[in-house]
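Q: I would like to go through part of this structure with you. Could we begin with one of the strand pairings?

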Amino acid sequence: MSDDTRRHTAADPPEGSYLWDRSGPPDPLVRRLEALLAPLGHGAAAARARPRRARRWALGAGLVAAAAVVMLVAVLAAPARPSGWTATPVAGRPGVGDGALHRPRALAVGEWVSTDASSSALLERGGLGRVTLDPGGRLRVARDRPGEQRLELARGGIRAFITAPPRLFLVDTPAATAVDMGCAYALHVGEDGAGMLDVTSGWVELVGKAGPSARVPAGLVCALTAGSGPGTPRRRDAGAALADAVARFDAGSPEAVGDILAAATGDDAVTLWHLLPRTARAARERVAARLAELVPPEGLDLDAALDLDPPALEAWWDRVQRGG
Amino acid sequence: MRSAAEPTPTADAALHERFAPLVHGVLLAYVSPADADDLAQEVFVQAMRRLGELRDAAAAGPWLAAVARNKARDFLRAHARRPVLRLVGDEPAPPLAELTAADVLEAIRSLPEAYRETLVLRLVEGLTGPQIAERLAMTHGSVRVNLCRGMEMLRRKLGIEGTP
């Protein structure tokens, strides 16, 4: 393999590379593409359309201001009523309540939608998004009110695509509640209440009925265990050694921490951060040391983080999210 | 000197200024530049109506991106259009020096969604990797992977793999 090809097929652009943050020597191809494509971008579009855009924006701003006043009055007086969920058969013949779902229909709160091995259903709510119930599932609307849209997934898998503001949409499972933070994700629950969350866009907060919660950004997965709550998030494409070590740790083998630390790379800071409240002091110090190599805690109170002081942990989480 | 037609700075305008490249870039990953311009306005008008429900300011970016994706898909469905996935994959790409912006955008749109959006945000809208990560609430690692693998695939689509 030639040096050029090796450069073009490197696993990741190193920090400081032009593609990543325009630092380092400019990549000629990236520069050429930037020059070609920049006229299509927002900045160029805004400049071209400024007179029309300004009139529309001024009009839009006026409407928005009026709408905001109406909304404020409505919120102070009484919350607006939601529009409700509808269920639509996608494949086969899903069940709803005591009958079959033949065509789109409104769902009542508490009414179960169930799918067998050959059926699936789509639940939609205007202004919130849509949820697909895969074969072998059982799902119902648990709460439908302003500020809280809550589903209950008893078993099976769903794929959610949510456009509502964060923390409005929640899904209860036997092991944990998935709190949407503006995202798309897949969530599966087995007959034993155990499951797996796979976030494809945005992030999801998993709040356990027991144990610490988990914050799962896009590109990561997290197991759920009935009675134990959320597991430890890890990259979807993590190597077998790390995935196996995380699974063993989540299953109750604290000695697996050593294997996690050995297998963790620079992209596993989220996993390591989640280990801090899940480990005893001695192991936690090892975790913190490894995490500090990936995301240096300069200016943070490391001792407080080791004591699981919430502000200290949050400050480190901010660094982890920003990549150090 | 500010003209009477220009908007007065407000929280809404600040939100628009911060996230307009993100929204426009996500839309551009699916629809034409002209349609992206128009749909971006609709996304913000729609988003502003629900702004008061946003409890976590840090999640505004992913939320706006999701609204933009939904808007793009609804638009494509309503206009019975599919994202064009053919040209660059089916016939040899023009030489690098003859590539047009339309050629490159077509090639980017033929990539998987995660790579497509990240590349548009980086190469068209000019956001850096850290900015993309911050606005989409993604880890730096995920964005790095999308950028690098997306560029790899784009080079192959444009027929320039291994070319210095």
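Q: Which residue is the bridge partner of T225(A) in β17(A)?
A: In this predicted model, T225(A) has G229(A) of β17(A) as its bridge partner.

Q: How many bridges join β16(A) to β17(A)?
A: There are 2 bridges between β16(A) and strand β17 (residues 229-230) of chain A, and the strands run antiparallel.

Q: And what about the hairpin of β16(A) and β17(A), how many residues are between the strands?
A: The hairpin has 3 residues between its strands. Within this hairpin, G227(A) adopts a positive phi near 90°.

Q: Moving on: in which sense do β13 and β16 of chain A pair?
A: Strand β13 (residues 195-201) and strand β16 (residues 220-225) of chain A pair in the antiparallel sense, over 4 bridges. In this pairing, C222(A) of β16(A) stands opposite L197(A).

Q: Is C222(A) buried or exposed?
A: C222(A) has a relative accessible area of 0%, so it counts as buried, the limit being under 20%.

Q: What about C148(B), buried or exposed?
A: C148(B) is also buried, because its relative accessibility of 9% is under the 20% limit.

Q: How many disulfides does a search of the whole structure find?
A: The search finds 0 disulfides over all chains.

Q: Back to the strands, then. Over how many bridges does β16(A) pair with β18 of chain A?
A: β16(A) and strand β18 (residues 234-235) of chain A pair over 2 bridges in the antiparallel sense.

Q: Which residue of β18(A) does V221(A) stand opposite?
A: V221(A) stands opposite R234(A) in β18(A).

Note on methods: Residues are numbered from 1 along each chain as its sequence is written. Chains are lettered from A and ligands numbered from 1 in the order in which they are written. This is a predicted model: local features need pLDDT of at least 70, side-chain atom pairs count only at pLDDT 80 or more; totals for chains, interfaces and linings use all residues. Side-chain values use heavy atoms; hydrogens and water are left out. Two strands pair if DSSP finds at least two bridges between them. A disulfide is a pair of cysteine sulfur atoms within 2.5 Å. Buried means under 20% relative accessible area, exposed over 50%, partly exposed in between (1.4 Å probe, protein chains only).
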